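Subject: Structure handover

Hello,

Here is the structure for you to look at. Please open it first, then read my notes below.

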Amino acid sequence: MVSSRLSGINKSASLALTRVTADFKQKGIKVYNFGIGEPDFTTPEGIINSSYEGARKGMTHYTPSSGLPQLRQAIAEKLSVFNGIDGALADEVVVTPTKFALYASLLALLEPGDGVLIPEPYYLSYPDIVRLAGGKALPFSLPRDYAFDLEAAEDLVTPRTKVMIFNSPVNPTGKVYSEKDIRKLSDFVIEHDLMLISDEIYEYIIFRGKHFSPASIPEMRERTVTVSGFSKSHAMTGWRIGYLHARREIADACDLIQQQTITCAPSISQVAAIEALKDSDSPRKFTAEFRARRDIVVKMLNEIDGIDVIEPDGTFYAFPHFDIRVGSERFSSDLLKERHVAVTPGRAFGERFDDHFRLSFAAKEEDLVKGIEELGNFMKAGKAEQTAGS
Ligand code: PMP
């Protein structure tokens, strides 16, 4: 029998979609897949080569659980220089797959039943990771333009509220929060004596604005677990490699969890990560490509009657609103069945977003153009049907 701990845990919506898409592909049907959350680029060759050479030289064994010392050191330097985390130390870094970093830090911070504030719309795994770690997810809404207004969060704070999860640039909206917003957030976290888990995995993919790390604020350094990784910046999703940074006591707790679960991050991926940290060109190139696609996607989407979208400042996602009166799951599954366009239902990012969908523009420009044309046709038919029916 499966443990009750898993009751109420959702399957990953994006992974479920990938399966349906794979079925279509097997039947030889072309699918415009805008559902997946990963860059469509292959990992840069220099990174692949360094890992291969490392493996040939015997880097195929367990590493220390918290990661190769050279990598932890390089990450600490990156956190100091790029993220402005004053004097970040290698001892405060745990090398681990990014999603596991989220899970381990929640396990390390929460007592069973403790509350975790999550701004909505959120990365779809957050509430389930919180539940798996024994916590209580407390999603709170932001205004329609995603401005950082914490009024709704204020109402949810109780003595059992321990953590807030923050993500900028945001999956799924592409919003990049400003230093001013993040200072406001920090005041809130300090006032309510919370810990902050700051998920910065899209930190390099920014078109407008500037990345700002909460842990760069001196009073937040001890209160923040900074989480990031190489999946998005260097197109390395399959390598399962990322890291967390926290004050020593918390980093050690996460390391303990890692020791008794996955042991360490894959050795060959750690070698690759050392090389990735030296490669600042690839994230720049990928970002330029994503920006060009964003411009096309936003223009095309806003030209469709019944669709409107706020221009993303970063990431490779757009989060459009649609005005056909069906739920987002039905909307997405009809769009896939009828027009072979895969997007992720808005509901997966928060219940209030059942009239949205997420479109990943980590796809070829030509496919984006054709797929969004199909979406336009789908909307036209849907709107005609709605008018006839009303
Ligand atoms: N955080 C966010 C906001 C993400 O979008 C993702 C990946 N989709 C992750 C964490 C997890 O990253 P990884 O696959 O590298 O574990």
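The structure holds 1 cavity of 30 Å³ or more. A cavity is a set of points, on a 1 Å grid over the protein atoms alone, where a 1.4 Å probe fits but cannot get out. Rolling a probe the size of a water molecule over the atoms shows where empty space is left. The largest cavity has about 110 Å³ of space. A volume here is the space filled by probe spheres set on the points, with grid points joined across faces, edges and corners.

Before going on, note that this is a predicted model, where local features need pLDDT of at least 70, side-chain atom pairs count only at pLDDT 80 or more, and totals for chains, interfaces and linings use all residues. Residues are numbered from 1 along each chain as its sequence is written, and side-chain values use heavy atoms, with hydrogens and water left out.

The largest cavity is lined by 15 residues (each with an atom within 4 Å of a point). Closest to its centre are Pro119, Pro121, Leu142, Asn167 and Val170. By class, the lining has 12 nonpolar, 3 polar and no charged residues. Nonpolar means Ala, Val, Leu, Ile, Met, Phe, Trp, Tyr, Cys and Pro; charged means Asp, Glu, Lys and Arg; the others, Gly among them, are polar. Which strand gives the most to this lining? Strand E5 (residues 161–167) does, with 3 residues. Helices (H or I, at least four residues) and strands (E, at least two) are DSSP runs, numbered from the N terminus.

Ile165 is in strand E5. Is Ile165 buried or exposed? Ile165 has a relative accessible area of 2%, so it is buried. Buried means under 20%, exposed over 50%, and partly exposed in between (1.4 Å probe, protein chains only). Ile165 and Pro119 are 46 residues apart in sequence, yet 7.5 Å apart in space, C-alpha to C-alpha.

Thr173 sits in the loop between E5 and helix H7 (179–191). Thr173 counts as buried because its relative accessibility is 6%. Its side chain reaches the backbone nitrogen of Lys175 at 3.2 Å.

**The ligand**

For Tyr202, the distance is 2.6 Å. For Arg240, it is 2.8 Å. For Asn171, it is 2.9 Å. The protein covers 93% of the 400 Å² of accessible area that the ligand has on its own (Shrake-Rupley method, 1.4 Å probe).

**Backbone points to check**

Most residues other than glycine have a negative phi, and most peptide bonds are trans. The bond from Glu120 to Pro121 is cis, with omega near 0 degrees. Pro121 lies in the loop between strand E3 (115–120) and helix H5 (126–132). The bond from Ser168 to Pro169 is cis too, with omega near -10 degrees. Pro169 is in the loop between E5 and H7.

Tyr146 is not a glycine, but its phi is positive, near 65 degrees. Tyr146 is buried, at 6% relative accessible area. His340 also has a positive phi, of about 60 degrees. At 22% relative accessibility, His340 counts as partly exposed.

Best wishes

Technical notes: Polar contact = N/O pair within 3.5 Å; in protein donor to acceptor, adjacent residues only side chain to side chain. 1 Å grid on protein atoms, 1.4 Å probe; cavity = no way out; pocket = protein on both sides within 12 Å on 5 of 7 lines; lining within 4 Å.
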